[in-house]
Amino acid sequence: MKIYMAREAGFCFGVKLAMDMARKRRASLDEPLYTFGPLIHNSQVIERLEEEEIFSVDSLEEIEDHASVLIRSHGVPPEVYRAFDKRGIAYTDATCPYVKKVHDIVLEHSRRHHQILIVGDPNHPEIIAVKGWAMGRGHVVLDPEDLEAIPLESYVVVVAQTTLLKSRLSAIVAALKERGLEMEVYNTICNATALRQAAAEELSKKVDLMIVIGGKHSSNTKKLYEIASKYCANAVHIETHHEILMKDLIKYDKIGVTAGASTPDWIIDAVVRKLEIEGEGILMIDNSEKNELTTEQEEQEEQEEQEEQEEQKIETPQDNGFEEGSADKPEEAVEPEASEPVMGENSGMNELMEQFDESYNVPRTGKSVEGKIVLISKDELIVNIGYKADGIIPREEISDSEDLDLNMEYEVNQTIEAVVIKKDNGEGNVLLSIKRIAQKQKWDDLEEKFNNQETVTVKVNKEVKGGLTAYYEQVKGFIPASHVDVRYIENLSAFVGQEMEVEIIELNRRKNKAVFSRKNVLQKELKIAVEKAWENLETGAVVKGIVRRFTDFGAFVDLGGVDGLLHVSEISWGKVNKPQDVLKKNQEIDVKILDLNREENKVSLSMKQMIENPWKVVAQKYALDTEYEGTITGLTDFGAFVELEPGLEGLVHVSQIAVERVEKPSDLLKVGQVVKVKILEINTEDNRIKLTMKPKEAPKQPETKAKKPAKEPVKDPVDKVLEELKEKEPMSAFADEAFDAFDAALARAAAEEAEEAQAVEAAAVKEEAVAEEEAVAETVAEEEAVEEEAAEEEAEEAEEEAEEAEEKK
Ligand code: SF4
């Protein structure tokens with residue numbers, strides 16, 4: 001067996017209100033409390049109330065003067081109030097606000113001398129009271145036939161009993177329309193009743209058996225039973241669980257349960273429990289809860305509201321009239337033609353209903369309402385908000401404090417503001433929240449600030465994926481990681497618990513979404529600070545700055561919004577390889593402004609220019625042939641560079657390192673080593689210091705031969721680059737020495753080259769001389785040979801002459 005509980009069932013808010021007020025009033029009295037008529041039509045509840053000395057009386061004659069009386073939810077006619085006053089009877093008015101509203105309507109129209117038709121049961125106390133407030137202008141009708149007995153005027157006002165079936169009202173309206181009357185119709189059927197009836201109808205169609213719980217004399221319970229019987233083949237009306245005979249019910253698979261507006265929860269619970277236990281039933285509650293005030297719910301609420309309004313509207317058939325016998329069918333009810341002169345020009349029934357809702361201040365989810373406290377209990381406040389249903393504010397919607405004493409904090413008739421959470425909490429009441437009014441106010445506030453582009457202060461509550469969550473009072477928002485700061489922040493958790501000023505960059509109340517940016521605020525502040533900072537910067541000024549970041553060529557220093565570049569060469573007069581060697585991130589330093597370029601947003605800074613160039617005072621501070629301590633800063637093949645103080649370096653030539661011959665300086669020394677040196681020479685023109693590490697008594701080295709003047713070496717590209725560099729930037733002593741060493745090496749090479757050339761030349765000369773000698777010798781030999789040949793020829797001639805002479809002889 002499955003047990004289905006109707007979505008709307010049991011005590012309506014009016015009955016609950018009256019019950020609470022009665023008990024509270026009784027608790028304040030030392031005597032019994034009387035209710036003018038039974039508080040509700042439920043004998044079990046009446047019994048319990050009597051145990052609490054809350055008795056029901058049917059007439060004023062039954063009570064003594066000055067007694068205490070409670071007017072029940074049905075209300076009473078005005079003459080009863082007058083009688084109370086006359087007899088000094090203290091009364092507590094628990095008339096349901098919805099019923100009171102009907103009193104107001106009929107009173108207002110009676111003053112305008114309108115004829116008033118009250119559709120309802122003439123014997124019902126509510127109708128008796130309403131008729132009383134009509135001041136003689138009211139006529140009670142239940143069926144269209146009742147109209148026959150009334151001398152109808154051309155203009156009539158129609159109101160209905162709060163527990164009336166819609167179809168009855170529709171039938172009367174249709175009958176009036178047939179008569180061509182002008183009318184003003186107020187659908188005063190209670191929402192709680194309509195909801196219960198709709199829920200009963202809906203459930204009746206789905207189940208095998210409908211159980212309707214409530215007093216046998218309760219009209220609204222009887223109407224529920226009527227509906228259940230119509231839509232379900234099997235329906236029973238019971239007052240308590242004792243009437244259930246399980247043997248008769250066991251055959252049903254699906255059982256529906258509903259209850260009249262005067263049926264307390266404990267009676268409904270007892271019925272359900274019996275079905276569960278004895279029938280082994282499973283309770284299937286058809287009642288979806290909506291507690292959170294979210295956009296989706298808001299939208300859903302609106303949709304429900306629309307549907308509800310549609311449901312309550314009296315439909316108009318196309319033929320502009322009622323079909324015969326349609327009066328009993330709610331779905332066949334009609335709306336007057338547009339041309340009908342009803343409430344306002346050209347207004348139809350739908351508009352009438354809308355106007356009615358408006359006149360009843362229909363609460364909207366998420367909106368704030370104002371009302372007067374009518375009852376304070378331990379766990380809730382009941383507030384009259386001028387709507388047909390009162391507002392209920394449960395303790396948890398008032399405060400988070402468990403110790404809060406509502407009676408101490410609030411008082412009856414106090415006007416308060418609350419926000420609507422649900423238009424109907426399932427019992428016909430409007431669920432309100434005081435707690436959320438603050439949240440709503442903050443949303444309003446936030447929206448205004450967002451529209452005006454104002455900033456707000458939020459408190460960060462935790463780090464989440466991708467950023468931080470932060471609260472603006474009761475409104476929760478998100479700060480993306482990229483919007484936490486103008487710079488990248490690695491550790492966002494450091495912001496948790498902090499308050500910060502933020503800009504609202506996205507706001508959507510419907511989606512409950514707020515996105516904040518601290519970065520935007522900082523950027524704006526920074527812009528202002530930059531403008532201000534530039535105004536205060538001037539070339540040559542010494543200012544304070546914070547080292548923000550490093551590069552290979554220097555450090556960027558924050559001068560209060562403007563970043564300046566401190567080139568590595570401007571950090572110290574001494575040798576600095578990289579800025580991190582001497583500076584730390586976020587370190588505050590003094591810097592001198594060398595140059596400003598506002599257009600390009602560039603500032604050149606220097607630290608070393610704030611102190612005197614050590615080369616300028618070297619001659620005063622250091623003496624020749626005096627021993628000083630220094631630190632080796634560099635080693636080359638030709639010597640070691642020694643720093644005497646930052647920016648002041650000298651060179652110890654390899655020949656000056658030790659008495660004995662040193663092949664390479666690195667054989668004896670290392671960088672960073674502190675050594676004792678003596679100054680041999682100071683050259684302030686070229687910023688050079690020659691040093692020695694040799695002891696004074698060192699033996700004199702053999703003089704080196706004076707070098708032959710070297711030929712001017714041919715400049716290669718390296719020379720050119722070095723010279724260009726030298727022209728562009730002032731060279732440090734280290735670089736100068738290196739340059740000099742390079743020069744020296746070149747000179748040595750040139751000298752060697754020259755020597756070599758000389759040798760070659762000498763050899764050539766020698767060769768030439770030899771050749772010459774050889775040539776001379778050859779010539780001599782040739783001459784000697786010629787002479788010898790001539791002598792031989794001469795001798796031959798002489799011999800021939802001698803021979804001739806002899807021959808002649
Ligand atoms: S008017 Fe509605 S809420 Fe008021 S007592 Fe009647 S049924 Fe209950």
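This is a predicted model: local features need pLDDT of at least 70, side-chain atom pairs count only at pLDDT 80 or more; totals for chains, interfaces and linings use all residues.
User: Where do I start? How many helices and strands does the protein chain have?

Analyst: The protein chain has 18 helices and 33 strands. Of its 809 residues, 45% count as buried. The chain exposes about 43,500 Å². Carbon and sulfur atoms supply 47% of that area.

User: What share of the contacts joins residues 24 or more positions apart?

Analyst: Take the contacts in the protein chain with a separation of 6 or more. Residues 24 or more positions apart account for 66% of them.

User: Now the inside. Which residues touch the most other members of the largest nonpolar core?

Analyst: A nonpolar core is built from buried residues joined through side-chain atoms within 4.5 Å. Here the largest one has 48 residues. Leu381, Ile393, Tyr410, Leu432 and Ile434 touch the most other members.

User: Which elements give two or more residues to this core?

Analyst: Helices α1 (13-27), α2 (43-51) and α4 (97-111) are among them. So are the strands β14 (368-376), β15 (380-384), β16 (391-394), β17 (415-422) and β18 (430-433). The largest share, 7 residues, comes from α1.

User: Can we zoom in on one member? What does Leu432 touch?

Analyst: Leave out residues up to four places away in sequence. Leu432 then touches Val369, Val383, Ile385, Gly391, Ile392, Ile393 and Pro394, among others. The list also includes Glu397, Ala418, Val419, Val420 and Ile421. There is also a second, separate core of 33 residues. Ala9, Met210, Tyr252 and Val257 are included in that one.

User: Next, the rings. How do I read an aromatic pair?

Analyst: A pair of aromatic rings is described by the distance of the centres and the angle of the planes. The count in this model comes to 6 aromatic pairs.

User: Why is the pair of Tyr81 and Tyr91 edge-to-face?

Analyst: Planes over 60 degrees apart count as edge-to-face. The planes of Tyr81 and Tyr91 stand at 80 degrees, so this pair is edge-to-face. The ring centres are 5.5 Å apart. Tyr81 lies in helix α3 (residues 78-87) and Tyr91 in strand β5 (residues 90-93), so the pair ties together parts 10 residues apart in sequence.

User: Is Tyr81 buried or exposed?

Analyst: Tyr81 counts as buried, at 13% relative accessibility. Tyr91, at 33%, counts as partly exposed.

User: Which parts does the pair of Tyr81 and Trp133 tie together?

Analyst: First the geometry. The centres of Tyr81 and Trp133 are 6.0 Å apart and the planes are at 65 degrees, so the pair is edge-to-face. Tyr81 is in helix α3 and Trp133 in helix α5 (residues 125-133), so the pair ties together parts that are 52 residues apart in sequence. Trp133 is buried, with a relative accessible area of 18%. Phe36, Tyr81, Phe84, Tyr91 and Trp133 form one aromatic cluster.

User: Which charged residues lie over the face of a ring?

Analyst: Arg48 lies over the face of Trp266, at 3.7 Å from the ring centre. Arg549 lies over the face of Phe556, at 4.1 Å from the ring centre.

User: Last one. How do I find the buried face of a helix?

Analyst: An α-helix has 3.6 residues a turn, so residues three or four places apart point the same way. Look at helix α16 (residues 614-621). Pro614, Trp615, Val617 and Val618 are its buried residues. Seen down the axis of α16, they fall within an arc of 165 degrees, so they line one face of the helix. The face turned away carries the exposed residues Lys616 and Gln620.

Key:
Residues are numbered from 1 along each chain as its sequence is written. Side-chain values use heavy atoms; hydrogens and water are left out. Buried means under 20% relative accessible area, exposed over 50%, partly exposed in between (1.4 Å probe, protein chains only). Helices (H or I, at least four residues) and strands (E, at least two) are DSSP runs, numbered from the N terminus. Contact means heavy atoms within 4.5 Å. Rings of Phe, Tyr and Trp (its six-membered ring) pair if their centres lie within 6.5 Å; planes under 30 degrees apart count as stacked, over 60 as edge-to-face and the rest as tilted. A charge sits over a ring if NZ of Lys or CZ of Arg is within 6 Å of the ring centre and within 35 degrees of the ring normal. The arc is that of the directions from the helix axis to the C-beta atoms. Accessible areas come from the Shrake-Rupley method with a 1.4 Å probe; for residues, only the protein chains shown count as cover.
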